[in-house]
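Visitor: I would like a close look at one single part of this protein. Please show me the structure, and then I will ask about that part.

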Amino acid sequence: MEENKRNLLDEEAKASLDIWRYLFGFADMAAAKCAIDLKVPEALENHPSSRPMTLAELSSATSASPSHLHRIMRFLVYQGVFKEVSTKDGLATGYTNTPLSRRMMITKRDGKSLAPLLLLETSPEMLAPWLKLSSVVSSPVNGPVPPFDAVHGKDLWSFAKDHPRHSELLNEAMACDARRVVPRVAGACQGLFDGVATVVDVGGGTGETIGILVKEFPGKELWSFAKDNPRHSELINEAMACEARRVVPLVAGACHGLFDGVAMVVDVGGGTGDTMAILVKEFPWIKGINFDLPHVVEVVQAMDNVDNVGGDMFDSIPSCDAVFIKWVLHDWGDKDCIKILKNCKKALPPKTGKVLIVESVVGEKKKTMIMEERDEKLEYVKLALDMVMMVHTSTGKERTLKEWDFVIKEAGFARYEVRDIDDVQSVIIAYRS
């Protein structure tokens with residue numbers, strides 16, 4: 001009986017970590033594509049003396065933003081694509097290739113690189129059909145429309161015929177696979193070609209063609225897009241609500257004493273109000289304000305002890321005893337983050353005011369006796385989230401403790417502490433005095 005209970009607990013613990021792979025698994029592919037686009041493996045391979053290449057050198061060689069490139073490399077180093085090692089003088093660290101990163105060289109035609117195939121599969125044209133997979137499964141047995149056809153209105157080959165750039169991607173991807181596998185086929189088929197004068201390769205494509213980079217599709221900033229697209233706004237709000245239902249009880253359990261003497265709490269960026277609903281239930285003496293953009297709160301249902309207030313956190317935040325802000329600050333760069341925190345500080349009483357920040361702390365070591373494998377998986381999620389921030393926001397990022405220290409102190413808070421809740425996020429409590 002006890003063993004069965006332990007197994008169930010182990011399965012629950014494993015599930016609580018593994019679910020993040022399904023949320024952010026695409027970050028692996030997207031970050032690898034970024035490295036291929038920038039030709040990072042080539043830059044490292046061509047670096048003189050085969051010594052580690054510093055971030056400054058790599059940024060210059062790839063014409064990339066140092067801060068963004070650092071985050072891409074941090075993620076890919078963690079995934080084992082590149083290595084980070086000390087320079088010869090020991091004064092800095094640099095990056096080197098691995099056998100895996102060399103397989104991402106777009107310019108390499110040695111039969112190992114699969115970079116062109118990765119570029120094909122990460123193209124918008126090939127990614128979009130994946131989102132239609134459920135429509136095929138749910139369609140009548142005799143009448144499903146293939147996902148690619150459903151998105152593009154024609155099959156893959158007709159689409160390639162009408163779109164030369166996609167045809168190039170497709171052909172180069174097939175060529176790179178041919179360079180990998182055909183020598184193996186030839187080695188296994190010695191003798192089969194004896195006496196053969198002519199061979200036809202059906203569907204052979206163009207052979208050795210130049211790999212091309214995926215076209216960029218600039219669009220609206222996420223929040224403007226959500227404002228103009230109610231359905232997408234609903235998706236964002238419900239996603240944040242489901243995350244609130246998961247993590248806020250953990251936060252409440254770790255922060256019981258912090259709400260003693262607190263009468264009013266404002267949840268900044270509270271969305272559908274799920275966070276405040278949980279907090280006022282857990283701490284029934286508090287009154288809550290669910291604070292978000294007007295178009296968000298105008299559709300939120302009324303709740304006991306919670307007022308839905310529309311506004312802009314960059315202008316001001318309603319007065320309160322404590323501010324709760326979860327998964328908001330990571331959407332913004334340091335300048336905007338400091339401005340939001342300063343507005344939080346203005347809303348609080350001078351002596352007792354506090355801000356509860358629920359965010360990831362990248363590279364934060366656990367103080368509890370938790371399995372090393374769990375720590376590694378949690379760190380993966382944090383780094384994958386940083387990739388999400390880079391893709392979905394203009395300046396957002398996941399922060400290290402040093403980076404949190406900077407924005408909190410720049411906002412004028414006297415001190416702060418970090419509480420571990422054994423999750424992707426931690427609770428950072430910033431005090432006015």
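How many bridges join strand 3 to strand 6, and do the two run parallel or antiparallel? Please take me through strand 6 from there.

Guide: Keep in mind that this is a predicted model.

Now look at strand 6 itself. It spans residues 322-326. The strand is mostly covered, with 5 of its 5 residues buried. Buried here means under 20% relative accessible area. Next, follow the side chains. A322, F324 and K326 point one way from the strand. V323 and I325 point the other way. Both sets are buried.

Strand 6 also pairs with strand 7, which holds residues 354-359. This pairing is parallel too, and it has 5 bridges. Find K326 again: its bridge partner in strand 7 is V358.

F26, M29, L127, W130, L133 and V137 make a nonpolar patch of about 600 Å². Helix 2 (26-37) and helix 9 (133-138) each supply at least two of the patch residues. M29 lies in helix 2. Its relative accessibility is 31%, so M29 counts as partly exposed. The residues of strand 6, by comparison, are buried.

Technical notes
Residues numbered from 1 in each chain as written. Predicted model: local features only at pLDDT ≥ 70, side-chain atom pairs only at ≥ 80, totals over all residues. Heavy atoms only, no water. Patch = residues over 30% accessible without salt bridge, like charges linked within 9 Å, V, L, I, M, F, W, Y side chains within 5 Å. Areas by Shrake-Rupley, 256 points an atom, 1.4 Å probe, with all protein chains shown as cover. Salt bridge = Lys/Arg side-chain N within 4 Å of Asp/Glu carboxyl O. Helix = DSSP H or I, 4+ residues; strand = E, 2+ residues; numbered from the N terminus. Buried < 20%, exposed > 50% of the residue type's maximum accessible area, 1.4 Å probe, protein only. Pairing = 2+ DSSP bridges.
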